[in-house]
Amino acid sequence: MKEFDILTIGDLNVDIILNKIESAPVVGKEILCEEMETTIGGSATNFAYNASSLGSKVAFLGMLGNDTNGHYIIDMFQANDINTDHIIQSDLHGTGATVALSYDEERAMVTYQGAMAHLSLEDVQDSHLAIAKHMHVASIFLQPKLKKDVVELFARAKKAGMTTSLDPQFDPSENWDLDLEKLLRNVDVFMPNETELHLLTGIEDVEQAVLSLKNVLNCIVVKQGNKGSLMYHEGEFFQRDAYLNDQVVDAIGAGDSFDAGFIHHLVQGKPYLECQDFGNLTGAVSTTGAGGTAVIKNVESVIKIGKERFAYQGE
């Protein structure tokens, strides 16, 4: 029997989030913001933290520095019942960090990759893939050593009997060089947003971009912000409207929260449409507080906020 529901592999960093910024930054000038928060961050980090908060048993595999920020992340994970036995603490590289400038539902980010850029396939042993039912990988473009072997990583995970998901996140180099033809055959749930899908396929129309991949897709769910999400599964499209928040605090980590809600339901054996709807809800609830992990405390609190603020009808 698998010890964990989810093995998360991906980026580990701290986020410095600036909110209520008076204008866009200009080189050579200084601007002010009204709010600042420092927290754990990164797509995989946010996903793992929120999936654990929802009740999934989560282990994390990644690389961070043996430094103050690295120790902070380890402490935060352990306090939230995330297994950290497989996190590598490097003495050669610092822990990654992101400065995030939040403007309503949009954000601009500057990231120092640090140790996460040095995680490689050699760091992922078959014994790691044996501990969990599901593998979720995020921010593959921030991990170049792992990215070059990502097709093999997913093939090994499937061979180990895992279900799998991938949230590619943005490519800072803007090369978008993933071999989707080979990769997606072993990805059970592909989870890009609209922009990422367009840049990966070169096709602007979302449905046409999805259909260009249909021969290698198992399931794709495209995150569309305040338009909700579009899922393609078993030859059909399923559009689900967003749970709209008219008082967004920030949208940092909303997509990661969507992933956490979707995959948490998936590993429980819930139908894909319920997974999509709950993903929409967790994404919306995330925007009611600052940062990617502050609001989602447990399933009960998410449902409570959903019923009070978004007329959520589920249980």
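Helix axes here are lines fitted to C-alpha atoms over the stretch in contact, and angles run from 0 to 180 degrees between N-to-C directions. The model is predicted: local features need pLDDT of at least 70, side-chain atom pairs count only at pLDDT 80 or more, and totals for chains, interfaces and linings use all residues. Residues are numbered from 1 along each chain as its sequence is written, and side-chain values use heavy atoms, with hydrogens and water left out.

**Stop one: two helices**

Select α10 (residues 272-286) and α11. Helices are DSSP runs of H or I, at least four residues; strands are runs of E, at least two; both are numbered from the N terminus. The two axes come within 10 Å and cross at roughly 80°. So α10 is roughly perpendicular to α11 (65 to 115 degrees; under 35 is roughly parallel, over 145 roughly antiparallel, the rest oblique).

Now show the side chains. F278, L281, T282, A284 and V285 of α10 meet V302, I303, I305, G306 and F310 of α11, contact being heavy atoms within 4.5 Å. Eight of these residues are nonpolar, two polar and none charged (Ala, Val, Leu, Ile, Met, Phe, Trp, Tyr, Cys and Pro are nonpolar; Asp, Glu, Lys and Arg charged; the others, Gly among them, polar).

**Stop two: aromatic rings**

Rings of Phe, Tyr and Trp (its six-membered ring) pair if their centres lie within 6.5 Å; planes under 30 degrees apart are stacked, over 60 edge-to-face, the rest tilted. The count is eight aromatic pairs. Pick Y243 and Y312: edge-to-face, 5.8 Å centre to centre, 75° between the planes. Y243 sits in the loop between β13 (236-240) and α9 (254-267), Y312 in the segment after α11 (299-310), 69 residues apart.

Last, select F141, F170 and W176, which form one aromatic cluster.
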